[in-house]
Amino acid sequence: MENAEIRRKVLRVNSYFLMAFGGVSIITGDIWSIWFAPGPWEEMLRGEPSVGIGGLEAHGFAFLFGVMLWRASRTTPTRQWHVYAAVAHTFLAVCNILLWDIYTLVGAVALGYISTIAHVVFATAETVAATRLYDAEPRERQDA
């Protein structure tokens, strides 16, 4: 398998993860708890639906980011897509770690571990794709 095909597959799998987790979290967690409580975030919201804006935005952006990565994976991706994905996953992992108490509050510690580990794995895979998988091929134009 060529490096370009591996890079495409890394972005594609990454996009599926973000669309699946972001989409499911929006529907089963955010929307359900904000407008149709009780839901998984009921304890966190404590009767104030506007508190849910952070989760709704985060999961919505994760889903949209997944759509963008999926679109980028339909052609041979440039290095910037992998750098962008690595930075985004690093940011999401750091947010999960810094705000870990939210997982305890809503009784989703296992989900916190799964999502944080997945973000670290994808950040690592995208970093490798952006650095190592370009070395063996001729220089590509780096337009986004």
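Biologist: What should helix 1 span at 1.5 Å a residue, and how far apart are its end C-alpha atoms?

Modeller: The 33 residues of helix 1 (residues 3–35) should span 48 Å, and the end C-alpha atoms are 46 Å apart, which agrees. The expected span is 1.5 Å times one less than the number of residues. Bear in mind that this is a predicted model: local features need pLDDT of at least 70, side-chain atom pairs count only at pLDDT 80 or more, and totals for chains, interfaces and linings use all residues. Residues are numbered from 1 along each chain as its sequence is written, and side-chain values use heavy atoms, with hydrogens and water left out.

Biologist: Where is the kink in helix 1 centred?

Modeller: On I26, with a kink of about 40°. The bend at a residue is the angle between axes fitted to the seven residues ending there and the seven starting there.

Biologist: And how many helices and strands are in the chain?

Modeller: Six helices and zero strands. Helices (H or I, at least four residues) and strands (E, at least two) are DSSP runs, numbered from the N terminus.

Biologist: Switching to charges, how many salt bridges are there?

Modeller: Two, where a salt bridge is a side-chain nitrogen of Lys or Arg within 4 Å of a carboxyl oxygen of Asp or Glu. R8 pairs with E5 at 3.3 Å, N to O, and K9 pairs with E5 at 3.6 Å. That links E5, R8 and K9 in a network.

Biologist: Why are K9 and E5 separated by about one helical turn?

Modeller: Because K9 and E5 are four residues apart in helix 1. An α-helix has 3.6 residues a turn, so residues three or four places apart point the same way.

Biologist: What about H82, buried or exposed?

Modeller: H82 is buried, at 0% relative accessible area. Buried means under 20%, exposed over 50%, partly exposed in between (1.4 Å probe, protein chains only).

Biologist: Which residues is H82 in contact with?

Modeller: Leaving aside neighbours within four places in sequence, H82 is in contact with R7, L11, P77, E126, A129, A130 and Y134. Contact means heavy atoms within 4.5 Å.

Biologist: Last topic: which residues make the nonpolar surface patch?

Modeller: F61, F63, L64 and V67, about 360 Å². Patches are made of residues with over 30% relative accessible area and no salt bridge: like charges are joined within 9 Å, nonpolar side chains (Val, Leu, Ile, Met, Phe, Trp, Tyr) within 5 Å. Accessible areas come from the Shrake-Rupley method with a 1.4 Å probe; for residues, only the protein chains shown count as cover.
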